[in-house]
Every structure is written in C-alpha cells, then in structure tokens.
Amino acid sequence: MNSSRVFVLGLVCLLLVQIVCVSSGIISNLPLSTKGSNIVDSKGNTVRLAGVNWYGTDQQDYVVGGLEANSLDNIIALILKLVFNAVRFPFSNYVLENNPAIASKVLAANPQLVGKRALDIMDIVVKSLASNGLLVMLDNHISDANWCCSDTDGNGVWYNKNFTVTQWQNDWISIVQRYQNIPQVFGVDLRNEPRSSYEGTPVWSSANSTLNWRLAAQQMGNRLLQINPNLLIVVEGLNYALDLTGVKNYPIQLSVSNKIVYSSHNYEWDTNNLKSYSQLETYLNNNWAYISQNNVAPIILGEFGTCHSNAADCVANNSTQTQGFWFQSLIQFLQAHPAISWFFWALNGTQSSGSGRTWGAEEGYGILNLYYNATALNALTQALAKIQQ
C-alpha cells in the first residue's frame, strides 16, 4: 500500500460511516493458521499482520496508555484510520494475579471506566478492539509490572523470585480461557525478549533444563492449544528476541500442526553504525529471516521502532550510520519480504509509569501525539504505509 492510498483512505474515513472505514484493513476469515512461511486465513489466503504495540497494561498504571487523553473509541478509530489490522497487547503477570485498582487520573478521558479494576478494563479494551475487527496478540511482556527490558530488571526469563514457572503457566491458561471465545484474539506471544537474568541465561536446545526456552515454550504452547486449538503460538528468540538460530536444529514441535510462528525484534542499536543495506540484510537473514526464506515457518517482527522528532533523523536518511538510514533500510527489507508480519513499537503518544519513565511524558517512539488524536510525524506513518499490504 502506498502513501497516496493512505491519504485517500483518510478522506474516506472522514466522509463515510465507521463501518466502511473498518472494513478496509480487516482480516475477517478466522482462525489463522500457517502454511510454510505464510500466515493464512481460514480460506487459505495469505495475510500480513501490520500492527502496533499498545503498551501500559504491563506497566505500573496497569492499563493501556492514552485513556487519560482521548476516549477508547476514538483511539481505536484512529488505529483503523491508519490502516493497522492488529494490536500486540503487552501484559504483566502482576496484573493477572493482583487485578489492581486503577488511578482515576489515567482514565480521565474515559469516565465510564473509573472505578473498574485492571482486568475489567483489559476486557473492555480487548473486546472493543475485536468488535472493530482488529486482531489481538496477547504478549506476556514482563512478570513484575514495570518498564522493560534489561539484564538487571529481574524479568529476563519466564519466571523470577516473585512469579514461579507454575504461575507463568497458570496465568497463560487463565488468560487464554478468558478470551477463547473471541476469535480476533488470534495468538499468544509466550514471553517477551528472553535474556540473561538473575536466574541465568536461557538456552535453545534439547537439554532438560529449567533455562531451556525452547522446551518451556513448546510445553506451554501445547497446553494452550488444548484449550484453544485455533491459536497461533508465537515464540521469540533469545538475547532480546534477536537470536533464532537455534530453530535450525531444534524447531518447536506442537501438537497441532500449522500453528507455530517465530518472532524477533530489531532496533537501531542492535546494528550500531550500519554502513549498508546489505549489512542489515545479512544480519537479519543469519539471525532469523532464514526461517521465513527457507519456508520453515512464518516470522513476526514483534517490535521495531524509531523516533518521531523529524523525518531525517528518524525515518529516512541516505547518510549511513544514522537512525534514519537504519529505519529506511529495515522498511526496504520488509518491502522485499512481504511474508514477514510486523508490529511497530509503539502506538503510545505518552509514557506509562515505570522505572526510568514518567507518566504523561512524551513517548519519543510513539506513532501518536501527546493527545492521542493525531500522528506525531506524518513521515513515519507514510513509511509504514509502504509495508501495510
């Protein structure tokens, strides 16, 4: 899809009723499955997830960001207007197990939500996304509610001192049961960015180890498929989701065929001082894109993001070793590989509460502005429009 189509669609959304706008980018033939490197709908048509991360439920406000600035309905209408078809929904184990109360200030633009607890609001948001035709990928982003991620945040593997492996498993069972009758909740991203932590360094192997991420993900995926066999099971790579080289020798084996999807992340700092497109291409192919190219399974780029201060610094720059050059190179790579689905980080125009974060401050990597009523940088959404197809 090119930028002129997005402009025309925006005019249509201003002129016509909402249902016309909603129908433009919806994937409606559910459930989804896999076929080689592609994600396919129930009729066998290849689909590309072109989505956004909408964070906040994983952090210390316990709800998606922006509900203080604009109504839930208006934010969802803007997601649709921008022709995204899916939302990656980060949550924490803390939220599932404690269902905390929500401060009224974070709900200022949605008074109907004041007094509800975290899981009640999560239900409302998920159901509102689904009722508007947007697909939802649940993402176990972190155990403790906080900003993620580092080697020292105590959340590098799928359990920690506050939440055991059994709790991680039971929390997944609980949330899948909670949404199993909403077909738009199409997939589960079992754990965000497995990495070194106080518990040790996770591995991808055949070893019978408490740190074997491949084994933990495979067992968890199979248990969830017993509850809902329609789900896509999404498994991220090691080392902040950068490394899926282990799939070559040790692929995930699920009890239901055509349901495994692998996921990676990529940011500018992962390939510092990028000197050429071919350098990025080689890096991505070696670490995870080979899975798609060899027709092993589909790949979702679950996170990538850039700043929105200006186009040259953030989106497109022919000068190598700049963030703009990295981003335009990644867009070029995704244009060349349409089987790869993606979720941009992030939709949010403001930060949520967490370590090193300030509630209500500008989210420098957000698509939306501070008021959640328009985009922060048109050049960014125009660049993403090139891969919304």
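1. Two strands are said to pair if DSSP finds at least two bridges between them. In this predicted model, strand S1 and strand S2 (residues 38-40) meet that requirement, as three bridges join them and they run antiparallel. Within this pairing, serine 33 stands opposite valine 40 in S2.

2. The sheet to which these strands belong is open and has three strands in the order S1-S2-S3, with antiparallel pairing. Strand S1 (33-35) and strand S3 (46-47) each have a single partner strand and stand at the edges, so one side of each lacks a neighbour in the sheet.

3. Three bridges connect S4 in the parallel sense with strand S11 (residues 341-344), where tryptophan 342 stands opposite alanine 50. S4 also pairs with S5 in the parallel sense, again over three bridges, and here glycine 51 stands opposite alanine 86 in S5.

4. Which residues cover the two faces of strand S4? Ala50 and Val52 lie on one side, Gly51 and Asn53 lie on the other, and all of them are buried.

5. The aromatic residues deserve a separate point. The structure holds 19 aromatic pairs. Why is the pair of phenylalanine 91 and tryptophan 172 called edge-to-face? The ring centres are 5.3 Å apart and the planes stand at 85 degrees; because an angle over 60 degrees counts as edge-to-face, the pair receives that name. Phenylalanine 91 belongs to strand S5 (residues 86-92) and tryptophan 172 to helix H6 (residues 165-179); the pair thus links distant parts of the chain, 81 residues apart. Phenylalanine 91 and tryptophan 172 are both buried.

6. Tryptophan 158 and tyrosine 159 form another edge-to-face aromatic pair, with 5.7 Å from centre to centre and 85 degrees between the planes. Both of these residues, tryptophan 158 and tyrosine 159, are buried. Elsewhere, ring pairs link Phe84, Phe304, Trp326, Phe327, Trp342 and Phe344 into a cluster.

7. Finally, two rings have a charged residue over the face. Arginine 357 lies over the face of tryptophan 147, at 3.6 Å from the ring centre. Lysine 248 lies over the face of tyrosine 290, at 5.0 Å from the ring centre.

Technical notes:
Residues numbered from 1 in each chain as written. Predicted model: local features only at pLDDT ≥ 70, side-chain atom pairs only at ≥ 80, totals over all residues. Heavy atoms only, no water. Phe/Tyr/Trp six-rings, centres within 6.5 Å; stacked < 30°, edge-to-face > 60°. Helix = DSSP H or I, 4+ residues; strand = E, 2+ residues; numbered from the N terminus. Buried < 20%, exposed > 50% of the residue type's maximum accessible area, 1.4 Å probe, protein only. Lys NZ or Arg CZ within 6 Å of the ring centre and 35° of its normal.
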